[in-house]
Amino acid sequence: MAHVDTSKPLEYQTEEGRLKILGFWIFLGAEIMLFATLFTCYFVMEGRTGNGPTGAEIFEIGPVLIETFVLLTSSFTIGLAIHAMRLGAKKATINFMIVTLLLGAVFLGVEIYEFYHYAHIGAGITVSGFTSTLLTTLGTHGLHVTFGLFWGTAIILQIAKRGLNNVTANKAFIFSLYWHFLDVVWIFIFSFIYLKGML
Amino acid sequence: MAQFFPKGQVMGFIFSLVLTVAAMLVYFLDMSFGMGMAVLIITAFLQATLQLVVFMHAGESEDKWAIYINVVYGIVIALMTVFGSLLIFNWDM
């Protein structure tokens, strides 16, 4: 049996748990680079619109604001889920996680509408350097959110079935890191793709 | 119920909403490009720091220095990649 330090929150109590959290931070470092290369491509290609539309012509502030506020709120609720988890409140943890995933689903719905809309108005992925890099960057973020929905659902089921312990709390905490990270990436997309494009 | 809404995180959320509204003003106030970019850079990096420290609990474990060094290293390489590429491809230097 591994050494369990009960003076710490559940997710840090075993050495394995602590190292998994550190390991996930290192993975997030690699994720920073993944999105940095996508942003690099986008910034380089931003003005290369060929015969296609520019950012200012296709970006709509409405859906972007909905996406931003929905994702910010979901980042807050996953934080509340971890707080509830540390209070040992299983039911509240699960409920906050469900709210988080529902908000994630709303975000994804709006993003899918956006992609449909772009394709409809002649800004498909094959139109220009600008649309290719734009849709690849947005799509990679959206894919991460989609994956997060499945991952989060699996963790909710595990907590519901096995309760809060060293293993499930550790998984939920790592999921919260992932979700907050997606919010951080979105903030950069919101600021330096959408708002910059509409300046 | 109040126990589930810790003050630090509620304040963090409100602050992040304020930062988002501040960034939005760039669009609604028709700022110049330079001015707008300055506002966006400040709000985006403040927002990211807020998430990292308040919500991701970056500083709470004994590995905090490894975590901070890892994140700062990632950001430095990210900025070098972005601006290095812009220098070569877009700013013709």
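Across the interface of chain A and chain B, 13 residue pairs are in polar contact, both residues being at pLDDT 80 or more. A polar contact is a pair of N or O atoms within 3.5 Å; within protein, one must be able to donate a hydrogen and the other to accept it, and residues adjacent in sequence count only if both atoms are side-chain atoms. The model is predicted: local features need pLDDT of at least 70, side-chain atom pairs count only at pLDDT 80 or more, and totals for chains, interfaces and linings use all residues. Side-chain values use heavy atoms, without hydrogens and water.

Four salt bridges are counted between chain A and chain B (side-chain nitrogen of Lys or Arg within 4 Å of a carboxyl oxygen of Asp or Glu). A:Arg18 forms a salt bridge with B:Asp63, with the closest N and O atoms 3.0 Å apart.

In all, 48 residues of chain A contact 51 residues of chain B (heavy atoms within 4.5 Å). The area buried between the two chains is about 4,300 Å² (accessible area, 1.4 Å probe, that two parts lose on being put together, summed over both). Carbon and sulfur atoms give 77% of this area. In chain A, A:Trp25, A:Phe76 and A:Leu199 lose the most area to chain B, together 17% of what that side buries.

Helix H3 of chain B spans residues 64-89 (helices are DSSP runs of H or I, at least four residues, numbered from the N terminus). Its buried residues include B:Ile67, B:Val71 and B:Leu86 (under 20% relative accessible area, 1.4 Å probe, protein chains only). Their cover includes helix H1 (15-45) of chain A and helix H2 (33-55) of chain B.

Conventions. Residues are numbered from 1 along each chain as its sequence is written. Chains are lettered from A and ligands numbered from 1 in the order in which they are written. Helices (H or I, at least four residues) and strands (E, at least two) are DSSP runs, numbered from the N terminus. The expected span of a helix is 1.5 Å times one less than its number of residues. Buried means under 20% relative accessible area, exposed over 50%, partly exposed in between (1.4 Å probe, protein chains only).
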